[in-house]
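Visitor: I have a structure open and would like to learn how to read it. Could you walk me through it?

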Protein chains: 2
Amino acid sequence: MTRLLKGKEAGEALTQKARQQVTELEKMGVTPTLLVIHVGEDPGNLSYEKGIEKRCTALGAAFRRLVLPSDLSEEDLLEVIRKANEDREIHGVLLFRPLPPHLDARRIENALLPEKDVDGMTDLSLAGVFAGRKVGFSPCTAQACMEILDYYGIDCCGKHAVVIGRSLVVGKPAAMMLLSRNATVTICHTRTKDLPAIARSADILIAAAGKPKIIGKDYMRNGQVILDVGIHAAEGGKLCGDVDGEQAEGTAAALTPVPGGVGTVTSVVLVCHVIEAALRQTEKRFDDRSGTR
Amino acid sequence: MTRLLKGKEAGEALTQKARQQVTELEKMGVTPTLLVIHVGEDPGNLSYEKGIEKRCTALGAAFRRLVLPSDLSEEDLLEVIRKANEDREIHGVLLFRPLPPHLDARRIENALLPEKDVDGMTDLSLAGVFAGRKVGFSPCTAQACMEILDYYGIDCCGKHAVVIGRSLVVGKPAAMMLLSRNATVTICHTRTKDLPAIARSADILIAAAGKPKIIGKDYMRNGQVILDVGIHAAEGGKLCGDVDGEQAEGTAAALTPVPGGVGTVTSVVLVCHVIEAALRQTEKRFDDRSGTR
C-alpha cells in the first residue's frame, strides 16, 4: 500500500518550533509580519494565498496584502519595495510572480533586502541555495519538499533522486538541497529524452513539471517515494497534481497527496521564514544597540 | 578511434575575440591587468599559474603576483582586497584557494567586487551561474569545459550529461551550464552508489572527482564524450587526469588529454575574463563620465 505523506502532519511539526519563536518575539513586543504584494490580480494564486493567511493567523503572525495595478511602473514598484525594506514592522515580503512583462523582474527581485526575502528570490538567497550556505532564505516550495522527506524520515544519502523541472523556484533549488543530503541527483526537463525511463530509475522522484497528471504508471517503479509539486484545476472543480495519484496507488511506496501535500507545507515554510526573519532582524537590532556585534 | 579534444585548439579560438578586445582597450590607453593573490606558497598551483602568466603575456594583458604570508590576519587580507577593488589599474583578481583555515573564506571571497571576480567565487557570480544569468563571471574550469564542447561542436541538447564532483568551482557550475545547454544532468559524488553504472549511462561525462585515473574501463561505454578535469602528479614526473587515458582510447568517441586539455582552456578563459572585465569597467567609467547610464 502506498503511504500518504501528508502535508498537514509535516507542517504541524514545523509549527512547534515556530510557536516558541513567536512567544519569544511577543516578549520583545514584536509581531512577525508578512507583506504579500500582487502586481495585478491572479486568481491562480488565491488558494495558496488563503493558506498563507490562515497559517499566519494560526501562528500569531500578521498578514498584510497589497494589490497593485498591473500597469504599474517599474519605479513605482521599486519604491514600494524600498519602503518595505525600511519598514521595521514588516519582516518578510512575498512578491507574487511572474510579474507583468514590462517590468524588469531581476531588478525588482534584487531590490528586496535578502533578510526580508522569505521566498528566496534574490541573488543572494539563490547563491546560498547553490552553495549550501545559510544566506537569505530558500525558495519555500523546494524547502517544503525537504521538510516532508525529513519529517517522514526518508534518508536521501546515496539514493537516486530525479527532479522533473529546472525552475529557480523548485527544480534547481530542490536539486541542490538533495545534493546537500548526499543524494545522487538527476535534473530533467522538457528537452529530456525518455523521461519515463529516467523517472523509473529514481528512488525519490520530485515532480515539478507543471503539467496535470503527466506522471503516470510508465514513470513509476515499485517502492519509489514521489513528491508531487504540481497543483492544477481538474474536472469538477477538483485539484490535481503532476502525478496521476490513482496510478501511483499501490506502486509508489509513498506519495504526497494533492491537495494536502507539498503545497500545505510550503505555506507553513513561508510563515516560518517570516518568523525566523523577525527573530533575526530583532536580534540584529538588539545587537546593534548594545554594540555586541 | 578516440578523438582528442585538444585544449590548445579550443583555446586558440577563444583568443581571437580576446585579441580584438585588447586592441580596443589599447586605443583607450588601458592594459587589462590580472592580480594573482597567494596566501602562502602552494607548489601545486605553480603550473596553472605559469600557464596564466604565459597567456597574459601572449594576449597583451599584464600579470601581477602577490604572495602573502600564510599567517596573515583576516583584516589584512580584506585590506588587500579592498585596495584591489579601488585600484583602477587592476581589472581582475584571482585568489588562490583553499585559504588557510584561520581565515573566513566566505567573508574574504565576498569582499571582492563581482566585476573583478574573474574566477567566479563571489555569491553574486555563483547566483549568476545558478540562475543562468550574466552576473559577475563563471568559475573558469567549468566554463572551460563548455568552451571545449562548443568549439568541437558537441551538441548537449537532450543528451545525458554525468558530472562526477559537486564542488562550487567545477561540479555544480558545470551541471548548471549543461542544463542551460538543455542536457539532462546527473550530479554524482563520493556518496553515489554504483558510480560506474551511472557513468556508463552518460553521453557526456565530466570527470572532476579529484582522484588520479579513477575513471577506468568500467565507467565507460562506446561512443562517449569524456572531459577530464583532473590534474595529478603521476609516476616519473608526468601528469595524469581523473581518467585512465589508455583505457579510454578506442572506447570513448572523444576525450580531453591531460595535460593539454581542460586546464589549458581554463587559463585562457581566465585571461579572457580579465579582458572582458577591463572592457566592462572601462565602458562603465566612460558611461558614468558622459552620463549615459
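Guide: Gladly! Two residues are in contact if their C-beta atoms, placed from the backbone, lie within 7 Å. Here, 100% of the interface residues of chain B are also interface residues in chain A, so the copies meet through the same surface.

Visitor: What should I know about the model and its labels?

Guide: This is a predicted model, where local features need pLDDT of at least 70, side-chain atom pairs count only at pLDDT 80 or more, and totals for chains, interfaces and linings use all residues. Residues are numbered from 1 along each chain as its sequence is written, while chains are lettered from A and ligands numbered from 1 in the order in which they are written.

Visitor: How are the two copies related?

Guide: Two copies of a chain are related by a rotation about an axis and a shift along it. Superposing by least squares on C-alpha atoms of residues with pLDDT of at least 70 in both, a rotation of 180 degrees with 0.0 Å of shift along its axis brings chain B onto chain A, with RMSD 0.0 Å. The copies are thus related as by a two-fold rotation axis.

Visitor: What share of the residues in chain A is buried?

Guide: A residue is buried if 20 or more other C-beta atoms, placed from the backbone, lie within 10 Å of its own. Buried residues make up 47% of the 293 in chain A.

Visitor: And which contacts span the sequence?

Guide: In chain A, of the contacts with a separation of 6 or more, 70% join residues 24 or more positions apart. The C-alpha trace of chain A spans about 60 × 40 × 35 Å along its principal axes.

Key. Buried ≥ 20, exposed ≤ 12 C-beta atoms within 10 Å, placed from the backbone.
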